[in-house]
Amino acid sequence: NDLASNGAEPIGVLTTLLFPEGTTEDDVARVVGEVNQAANELGIEVIGGHSEVTLGLSNLLLSVTAIGIAPKARYVTSAGARPGDDIIVTKGVAIEGTAILATDFEDELKSYFLEGDVQSAQRLYSRISVVRDGLVAAKHGATALHDVTEGGIVGALYELAQASGVGIDVWADSIPILPETDTICRYYAIDPLRLIASGAMLVATPDGEAMVAHLDRDGIPATVIGKATESGRRLIFPDHTEKLKPPERDELWRVLEKKGRA
């Protein structure tokens, strides 16, 4: 996702896999197989890496270094947004957070929601990649790209504005929230705008409608949610306006703390 947020095309990855004590050969084979499957889906190669059993770990640690290429004129950073640019988000917000909660608390959620709804939320993991989002946007004149991760869409919007040195107005009711996300966030009483949101890409562009059309032709839903300005950073709701500032922490941690998992 970091490569895609600059409009670069990934060509390979190096993976470091650190397994906890007690890991079996079958465990290693499963993880390596999943890494290979993900690489195949993106059309890239696993070109190297390292694996070992490491003392003191309670869970697997996976570190990935991605290598990509991009024409110089198509290399887009988070720092290029200009006053007057439209701000677009792809797909929807809190995709990763929704998938994490639906997976980690599957049994609890199934007791309150239809099993099919929980499974639908879990399948959002398949939408986390923003490689195509970034490549399409860079090809069609994006001035800035930024992948949305921890802190959710609010955190990413602040980071984009900060990197570009611009103000920003964001229309909160225009931000797309998937039904699965809305259901789970309501259940846990958390804010979907501040929940980890890998799977969404922020795009700044002079012509938002044209960019949305380009993304749509490639099967990537996108929505204009705001505009870069000369100064001021505002999150505008129908009945009030808030100052846009970085979240103190991601909403995911609030749920994990309540569940004794943090």
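Okay, let's start with Ala94, which sits in the loop between β4 and α2 (95-104). Helices here are DSSP runs of H or I with at least four residues, strands are runs of E with at least two, and both are numbered from the N terminus. Before I go on: this is a predicted model, where local features need pLDDT of at least 70 and side-chain atom pairs count only at pLDDT 80 or more, while totals for chains, interfaces and linings use all residues. Residues are numbered from 1 along each chain as its sequence is written, and side-chain values use heavy atoms, with hydrogens and water left out.

So, Ala94: buried or exposed? Ala94 is buried, because its relative accessible area is 0%. Buried means under 20% relative accessible area, exposed means over 50%, and partly exposed is in between, using a 1.4 Å probe and protein chains only. What does Ala94 touch, once residues up to four places away in sequence are not counted? Thr181, Pro192, Leu195, Ile196 and Ala197, where contact means heavy atoms within 4.5 Å. There's also Ser198: it is 104 residues from Ala94 along the chain, but the two C-alpha atoms are separated by 7.0 Å.

Next, another loop residue, Tyr125, between α4 (115-122) and α5 (131-139). Tyr125 counts as partly exposed because its relative accessibility is 37%. Leaving out residues up to four places away in sequence, Tyr125 touches Ala99, Ile100 and Thr103. Take Ala99: 26 residues from Tyr125 in sequence, and 5.8 Å from it in space, C-alpha to C-alpha.

Glu180 is buried and has no salt bridge. A salt bridge here is a side-chain nitrogen of Lys or Arg within 4 Å of a carboxyl oxygen of Asp or Glu. And for charges, Lys and Arg count as positive, Asp and Glu as negative, with His and the chain ends not counted. Which side chain of opposite charge is nearest to Glu180? That's Arg127, 6.4 Å away. What Glu180 does have is a polar contact of 2.6 Å, side chain to side chain, with Ser120. A polar contact is a pair of N or O atoms within 3.5 Å; within protein, one must be able to donate a hydrogen and the other to accept it, and residues adjacent in sequence count only if both atoms are side-chain atoms. Setting aside neighbours within four places in sequence, the contacts of Glu180 are Thr98, Asp117, Ser120, Ala121 and Leu124.

Let's stay with salt bridges: how many does the structure hold? There are 12. One of them joins the side chains of Lys91 and Asp133, at 3.2 Å, N to O. That pair links distant parts of the chain, with Lys91 in the loop between β4 and α2 and Asp133 in helix α5, 42 residues apart. Lys91 counts as buried because its relative accessibility is 14%, and Asp133 counts as buried at 2%.

Arg30 is partly exposed at 47% relative accessibility, and Glu34 is partly exposed at 44%. Then there's Arg194 with Asp191, a salt bridge at 2.5 Å, N to O. Glu106, Lys110 and Glu115 are linked in a network of salt bridges.

Last stop, helix α6 (residues 152-164). With 13 residues at 1.5 Å each, α6 should span 18 Å, and its end C-alpha atoms are 19 Å apart, which agrees. The expected span is 1.5 Å times one less than the number of residues. Buried residues in α6 include Gly152, Ile153, Leu157 and Leu160. What covers the buried residues of α6? The cover includes β4 (86-90), β5 (144-147), β6 (167-171), β7 (201-205), β8 (222-229) and β9 (233-236). Just after the helix, Gly165 takes a positive phi of about 65°.

Some of those strands pair up, meaning that DSSP finds at least two bridges between them. β4 and β8 pair in the antiparallel sense over five bridges, and Val89 has Thr223 in β8 as its bridge partner. β6 and β8 are antiparallel too, over four bridges, with Gly167 partnered by Thr229 in β8.
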